[in-house]
Amino acid sequence: MSAEQGQAESERDRPIRCLVAKVGLDGHDRGAHVISRAFRDAGFEVIYSGLHRAPEDIVQAAVQEDVDVVGISILSGAHNTLVPKVVEGLAEYGALADTLVLLGGIVPDGDAKRLKEAGVAEVFGPGTPMSETVQFVRENVPTRR
Amino acid sequence: MTADADRALVERLLDGDPRALARTISRVENRSEGYRDVVSALYGHTGDASVVGVTGSPGAGKSTLVDELVGYYRDDGETVGVIAVDPSSPYTGGAVLGDRVRMGSAVGDEGVFVRSMSARGHLGGLSTATADAVKALDAAGFDRVVVETVGAGQNEVDVVRTADTVVVLVQPGSGDDVQMLKAGILEIGDVFVVNKADLDGAARTVADLREMLELRGGEGRTRVGHHGAVGVADERRDDENEDEDDEWSPPVLETVATTGDGVADLAGAVDDHRDHLRQTGRMRDRARSRAAAEIRTLLRQDTADLVEAELRRRGGVEAVAERVADRETDPYTVADDLLAPVQAALDRRQADDDA
């Protein structure tokens, strides 16, 4: 019946939901704000975590908000400690397969490689054009069900 | 998603699995296939949660106050679900849902479930999506559900109407806020809160609000001082008194959300209102009128879908609109024509019933 057609349409049109997260003792949130706005302008629904969150808080927020994307912004150099905790937490809830985990900030190449092996989909360094990040999300957002 | 998977999802939600709850809310928010069966399955498990709606103008301190209220309920050992509705851009449909930032009490606590919702792009209306999300939280066993929204328009008013108790937040010294209240929100508030009560002008705002609420109370209340005559007047007075006992007069409270001052009073007022609804039987009235509104909304939406499909089958609205624009036909004829099969089916049904 008609409703099925309507539902199929709404499924396609479902906005991409993103959690933009600041973890740990890192008070630099300009980048997180800029990316939040860029995502919003791209038509995504963005939930911003606020500053100084623990990895467990990020996992809890990602699960409750049922987001498609978790974008972690870290400029403090603590990515090797904090990011795996978020990834593991998502895996514990069985949410990792449905979530695109992105990392933004200053991350050395070697670390980026290791983190990508651990489950991070992509690492975006300084100077990455917003359009590139938005495009990456559009192309790689996990399809559900 | 299959019916079996849906049943499993509902089972997990009822078991208190947060991810199943989150998924269910996404399902109802997106009206994804089969969501109706999910809501139907949940419905029998709802009705236990106390639902509070919080509304007010942007910057009034809603999220901060809700955070304090959540903390208060948690200290009392109650679990709390929060639905925070934020506006979205009318241009891109995107939104930054920022309420979570101000909800510090929620972090690391499984007894609190916070869900942000964008105010746009809901087929069938935001209030339907919110009401269904409230049902999911209720069924998942949360003792309290708080729905928070910017009180800007009819949409938002409809949203808070899904609550048992509506709290309206005002900030001091803002004549504009009180103007806004005149425009309709005054009628829906069960509890009024002047937040940021440590600022100048708070006492004035409280006084203004109380005055406006007096007026809202109607003539019955202001006439009380005039009795004393005999006969008919006395009888009328008795009636008035009875009405008064039944009538809830909304309290005006003062809070400072950033320090938590007055939050206990607010929680108390919310419970008082709930008790009042129970004792006067109005809880049932409200539930009934809510159900009626939900049924009507669903029917409107479903018939609109049917008609939309029929329109598509006939080549879409563009084709007929073209003919109307060329003056080949007129809008009424087109509408009658499209609805003819519906009308015929209904006529047949009525004839069957009459026979």
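**Salt bridges in the predicted model**

A:E45 and A:R17 form a salt bridge (a side-chain nitrogen of Lys or Arg within 4 Å of a carboxyl oxygen of Asp or Glu), with the closest N and O atoms 2.7 Å apart. A:E45 belongs to strand β2 (residues 45–48) of chain A and A:R17 to strand β1 (residues 17–22) of chain A, so the pair ties together parts that are 28 residues apart in sequence. Helices (H or I, at least four residues) and strands (E, at least two) are DSSP runs, numbered from the N terminus.

This is a predicted model: local features need pLDDT of at least 70 and side-chain atom pairs count only at pLDDT 80 or more, while totals for chains, interfaces and linings use all residues. Residues are numbered from 1 along each chain as its sequence is written, chains are lettered from A and ligands numbered from 1 in the order in which they are written, and side-chain values use heavy atoms, with hydrogens and water left out.

A:E45 is buried, at a relative accessible area of 4%, and A:R17 is also buried, at 4%. Buried means under 20% relative accessible area, exposed over 50%, and partly exposed in between (1.4 Å probe, protein chains only).

In chain B, B:R290 pairs with B:D164 in a salt bridge, the closest N and O atoms being 3.3 Å apart. B:R290 lies in helix α12 (residues 282–313) of chain B and B:D164 in the loop between α6 (154–160) and β6 (165–170) of chain B, 126 residues apart. B:R290 is partly exposed, at 23%, whereas B:D164 is buried, at 5%.
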